[in-house]
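Visitor: Please take a close look at one part of this model, the interface between the two chains. I would like one connected account, with the cut-offs stated.

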Amino acid sequence: MLELTDADIKALIAEPKTWPGRGRIELRREMRHKRADKELEAPSGRLFRVFIRQLAEDPLDFTVGLVFRDKATGESIRLIRCNGPHRHPNRLEGEMIDKACHVHMATEKYMQANRKENGWAYESADYRDLDTAISHFAKVTNITPIPYIGKPPAETLELFDER
Amino acid sequence: MNVDVQKLQAQLADAVSARVRIEPLGRNTYRLITPFEFDDGDSLVAYMEVTDGHARFTDHGHTLMHVSYDVDITREARTKILDRVLATHQLKFDDGEISTECDLKSIATAFWDFIQGLLRTADIAQWKVERAASLFFEEFALFMEQRIKPHVPTVAMDWHDNRVDESGLYAIPWACLNGGDPLFVFPILTTAHCDQAVISCLKYETADYKFKSFAAFEDIDKINSRPRNQLLDIGTKTVTSFDAQRRERAERLILDHFAR
């Protein structure tokens, strides 16, 4: 498994990344959920994958995640994931997030404890649904233009001067 | 119908030897809060519908959605694995939704099977590296059988031409032999497979044997650049991975060879 420090993880998340085109996301139906996946190559040459999922039955059951893929080893690690409002326990801390939007982050602590790297999460009030989660996620992960599903966010309109 | 939630809660908890909470959502629908989790700590999603002495447990498709963060759940061989898991626990599978129905008398057993099925399905994510390796060749064989053979009936496995390779040391994994130049087809998972493909092609090339070659990589980024480049230098057409989109391309490239 990839060995990353917390500083490495933060640097990878913050590394500038470009979403191809103008950021429009086409969700496609797969079984009982909708999904989109996008491979991003940063100017540094590092490879990332963004994945978006939303359950058809429950639109608040969604996730938007960023995976880093190490070219040398082919190994992948989920760096960060914005989740909808549901329960999540932080097992190592003995904390429970109850029915709140939360952001999973990869941490050195969980990796060293042989837990899933992004087993720790923090509660977030920065988004409330999939659309706002995507915008928030893109800002945190330094993706431009801000991707969107329906209407382009103000930042994207400004970038392409389409107002 | 009056449902004794406390009694059901006790039965479900007893079935899985863990604390279970039933939260009413609608008239007959409940969300089940259990301590069972995916590897990243997210809880399994479980709902219960109770009507006329019957219960139905469902995950509304969440389990496979969660697995799909890391795994291509649509690959044929993986679907077969999933079928086996679900059959073991007598669960229904409908376009991603995992469910089971029972009468209230057997609710404990049904719930136990439901949770076991979800946990085993969730564990598919753990198989991704190991299973990807063993499944790749199975999937490739399925692809050749279902998508190529109907159009190119003379497909041979582990083929060799005695005039060039009498002992079969340089066997071609799949050879399409519809008259004209044959097409050698190589599924490549590791650098060793890539090396072997290069060696086999060179053996036939140095014997002035006319052929074309095609390689499907499970993931080209995992292959060392030297044999990868050698394979390309020989003129081999490739697909860089074997996802649904590239399988389409692989099919087109192989069939195009015989359309000329």
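Guide: The contact (heavy atoms within 4.5 Å) takes 31 residues from chain A and 31 residues from chain B. This is a predicted model, in which local features need pLDDT of at least 70 and side-chain atom pairs count only at pLDDT 80 or more, while totals for chains, interfaces and linings use all residues. Residues are numbered from 1 along each chain as its sequence is written, chains are lettered from A in the order in which they are written, and side-chain values use heavy atoms, with hydrogens and water left out.

The area buried between chain A and chain B is about 2600 Å², with carbon and sulfur atoms giving 44% of that; buried area is the accessible area (1.4 Å probe) that two parts lose on being put together, summed over both. Of the area that chain A buries against chain B, 27% is supplied by A:Met31, A:Arg32 and A:Arg87, more than by any other three residues.

Between chain A and chain B there are 11 salt bridges, each a side-chain nitrogen of Lys or Arg within 4 Å of a carboxyl oxygen of Asp or Glu. A:Arg69 forms a salt bridge with B:Asp219, where the closest N and O atoms are 2.3 Å apart.

On the side of chain A that touches chain B, strands E3 (33-41), E4 (47-55), E5 (62-69), E6 (76-90) and E7 (95-105) of chain A each supply at least two residues; strands (E, at least two residues) are DSSP runs, numbered from the N terminus. The largest share of that side, 7 residues, comes from E6(A).

Methods. Helices (H or I, at least four residues) and strands (E, at least two) are DSSP runs, numbered from the N terminus.
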